[in-house]
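Dear colleague,

Please find it below, followed by an account of what was found in it.

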Amino acid sequence: MSCGPRRDGGCPAQIKDIEEMTHVSNEKAGTMTTAEPTVEQETRSEDELDVPWQVVVHNDPVNLMSYVTMVFQRVFGYPREKAERHMLEVHQKGRSILWSGMRERAELYVQQLHGYLLLATLEKTC
Amino acid sequence: MEIRRRNHHIEISELDPFLAELLRQIPASANPDGVQAAEQRLFSAPSNGKQTELCAEWRMYVEPELRRLFQTATETVAADLQQLNGNEKSFANRTLRIPSKHADAWLSALNQARLVIAAKNNFTENELNDHFRSPIGSRRDLSLFQVNFYGFLQEFILRELES
């Protein structure tokens, strides 16, 4: 549904791709004489470089506590104890941050939570 | 009323006509009927208002999917509720069998109905937590009873899903 902000000049992932492509074409041309071990560099896509987003669930007096716990287990795959901790935080403090990370995945989580009729929002980390 | 788990279904037996009628009303109760508060609760905003572009995209792409999802659940429940429309005497107790594979649809439809009723009546948290309010003396009391009755069914279905 959405993508991260575009940056001019290409991201590290793109640069690494170009380097790899060059490496392969040289090899095919027979100019490569030594087989040095390649070291995988940690690369990040644009989305990963984007500011992390938080999935926040807000208190709702209608949804049952047991239902909310079940939804957290299903959507995030959390064990029961962790799901209950978040549910109690929502209940007592009014909100709980369930997950943070890339925007696209956060949107997917919020969509799933809305499918279960929980009050969930996507918030940018300050 | 008795509620128990059978092999592949949840059985609600000894349903008196009043409770049977409340069950029949689940699909209709889940309909926001154009009431803005109910619509807003079923289709809540994905952000706290700062992300206007996201909200606009959400309305365009996600909301129609959610509507379909909710409608499918209420249709499944409505089909199960056909069992209550038999030719038995109108005051006889009824039995409803909910197939286990429909449990998620029931959870969703019951939740939709509870949220819509609560939004339409603007129930306070205190009212919603008053499970012993009685007797039913007004339309508002009846709606509150409906929310609690549907919540009781949800609790039972959830327990069955866990076991």
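How many bridges join strand E1 (residues 2-5) of chain B to strand E2 (residues 9-15) of chain B? The two strands are joined by four bridges and run antiparallel. Please note, before reading further, that the model is a predicted one.

E1(B) and E2(B) form a hairpin, with three residues between them. Within this pairing, Arg4(B) has Glu11(B) of E2(B) standing opposite.

The side chain of Ser29(B) reaches the backbone oxygen of Gln25(B), at 2.7 Å. When neighbours within four places in sequence are left aside, the residues in contact with Ser29(B) are Ala113(B), Val116(B), Ile117(B), Gln146(B) and Tyr150(B).

Turning to chain A, there is an open sheet of three strands, in the order E2-E1-E3 and with antiparallel pairing. Strand E2 (95-101) and strand E3 (120-124) of chain A are the edge strands, each of which pairs on one side only. On average, neighbouring strands of this sheet are turned by 30 degrees against each other, direction ignored. Helix H4 (residues 80-93) of chain A packs on the sheet and touches both E1 and E2 of chain A. The direction of this helix makes about 130 degrees with that of E2(A).

The pairing between strand E1 (residues 53-58) of chain A and E3(A) is antiparallel and extends over five bridges. Trp53(A) has Lys124(A) as its bridge partner in E3(A), while Gln54(A) stands opposite Glu123(A) of E3(A).

One further point concerns E3(A). Is this strand largely enclosed or largely open, and why? Four of its five residues are buried, so E3(A) is largely enclosed by the rest of the structure. The strand is thus described in two ways: E3(A) is an edge strand of the sheet, pairing on one side only, and E3(A) is also largely enclosed by the rest of the structure.

With kind regards

Methods
Residues are numbered from 1 along each chain as its sequence is written. Chains are lettered from A and ligands numbered from 1 in the order in which they are written. This is a predicted model: local features need pLDDT of at least 70, side-chain atom pairs count only at pLDDT 80 or more; totals for chains, interfaces and linings use all residues. Side-chain values use heavy atoms; hydrogens and water are left out. Two strands pair if DSSP finds at least two bridges between them. Axes are lines fitted to C-alpha atoms, for helices over the stretch in contact, and angles run from 0 to 180 degrees between N-to-C directions. Contact means heavy atoms within 4.5 Å. A polar contact is a pair of N or O atoms within 3.5 Å; within protein, one must be able to donate a hydrogen and the other to accept it, and residues adjacent in sequence count only if both atoms are side-chain atoms. Buried means under 20% relative accessible area, exposed over 50%, partly exposed in between (1.4 Å probe, protein chains only).
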